[in-house]
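Look at the fold as a whole before turning to single residues. The text below goes from the chain to its helices and then to a few positions inside them.

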Amino acid sequence: MVTSVILVLISFAWLALAWFFRNIRRFHIPAMILLVVFDLFFPVYLYLTHDWWQRLIIHQEALSFAVWSHLIFIIVLYSLYVLQIMAGRGMLQTEGTDYQEHQHDHAKQFIGIVIIRTLVFASGALLIVPAGT
């Protein structure tokens, strides 16, 4: 699990870097695409490296509130990514007042993404079982 936590923390640093260089489109857009791909495939990585069948099915943790809240946060994050991509594409395709409207939406959605990503990480951290138990 230590590797998973380190990967997530690196992804937050990557998000901060993409935000810092948000005015450099040649960096920002690929950086954010990479982050979205990371967030899409991180559950696959977790499934392949951990014994989720034993924990979720045999020990019936799939019915717990913690697991379901974590899953809902992930779905909300993916939904925000779709909205963020739509606003970003709108920024690339328009100019003037339409551009500013898309930029405003994009900025507000970024705040939501940071909050939801933090909640996904925190709720996932609560699901970590200490070694030896």
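Among contacts in the chain between residues at least 6 apart in sequence, what percentage join residues at least 24 apart? The share is 68%, where contact means heavy atoms within 4.5 Å.

This is a predicted model, in which local features need pLDDT of at least 70 and side-chain atom pairs count only at pLDDT 80 or more, while totals for chains, interfaces and linings use all residues. Residues are numbered from 1 along each chain as its sequence is written, and side-chain values use heavy atoms, with hydrogens and water left out.

The chain has five helices and zero strands, where helices (H or I, at least four residues) and strands (E, at least two) are DSSP runs numbered from the N terminus. Along the sequence the pattern is therefore α-α-α-α-α. Taken along the principal axes, the C-alpha atoms fill a box of roughly 60 × 25 × 20 Å. Of the 133 residues in the chain, 28% are buried; buried means under 20% relative accessible area, exposed over 50%, and partly exposed in between, with a 1.4 Å probe and protein chains only.

Begin with α1, which covers residues 2-20, and α2, which covers residues 25-49. The two helices pack at an angle of about 160°, with their axes 10 Å apart. Axes here are lines fitted to C-alpha atoms, for helices over the stretch in contact, and angles run from 0 to 180 degrees between N-to-C directions. The angle makes α1 roughly antiparallel to α2, because angles over 145 degrees count as roughly antiparallel, under 35 as roughly parallel, 65 to 115 as roughly perpendicular and the rest as oblique. Their crossing is left-handed, a term used if the near helix is turned anticlockwise from the far one by less than a right angle, with right-handed used if clockwise. On the α1 side the contact includes L7, S11 and W14, and on the α2 side it includes L35, F38 and F42. By class, the residues of this contact are 15 nonpolar, four polar and no charged. In this count Ala, Val, Leu, Ile, Met, Phe, Trp, Tyr, Cys and Pro are nonpolar, Asp, Glu, Lys and Arg are charged, and the others, Gly among them, are polar.

Helix α1 also packs with α5, at an angle of about 170° and with the axes 12 Å apart. That makes α1 roughly antiparallel to α5. Here V5, V8, L9, S11, F12, L15 and W19 of α1 meet F110, V114, R117, T118 and F121 of α5. The residues of this contact divide into nine nonpolar, two polar and one charged.

Is S11 buried or exposed? With a relative accessible area of 5%, S11 is buried. Leaving aside neighbours within four places in sequence, S11 is in contact with L35, F38 and R117.

Next comes α4, which runs over residues 65-93. Its 29 residues should span 42 Å at 1.5 Å a residue, and its end C-alpha atoms are 42 Å apart, which agrees; the expected span is 1.5 Å times one less than the number of residues. Buried residues of α4 include V67, H70, I74, L77, Y81 and M91. The buried residues of this helix pack against α2, α3 (52-58) and α5 (97-126). As background, an α-helix has 3.6 residues a turn, so residues three or four places apart point the same way.

The axes of α4 and α5 come within 8 Å and cross at roughly 160°. That makes α4 roughly antiparallel to α5, and the crossing is left-handed. Their contact has 15 nonpolar, eleven polar and two charged residues.

Two positions in α4 can be set side by side. H70 is in this helix and is buried, with a relative accessible area of 16%. Not counting residues up to four places away in sequence, H70 touches V120, S123, G124 and L127. S79 is also found in α4, but at 38% relative accessibility it counts as partly exposed.

Distances between C-alpha atoms complete the picture. H70 and V82, twelve residues apart along the chain, are separated by 19 Å. S79 and I113, 34 residues apart along the chain, are separated by 9.6 Å.
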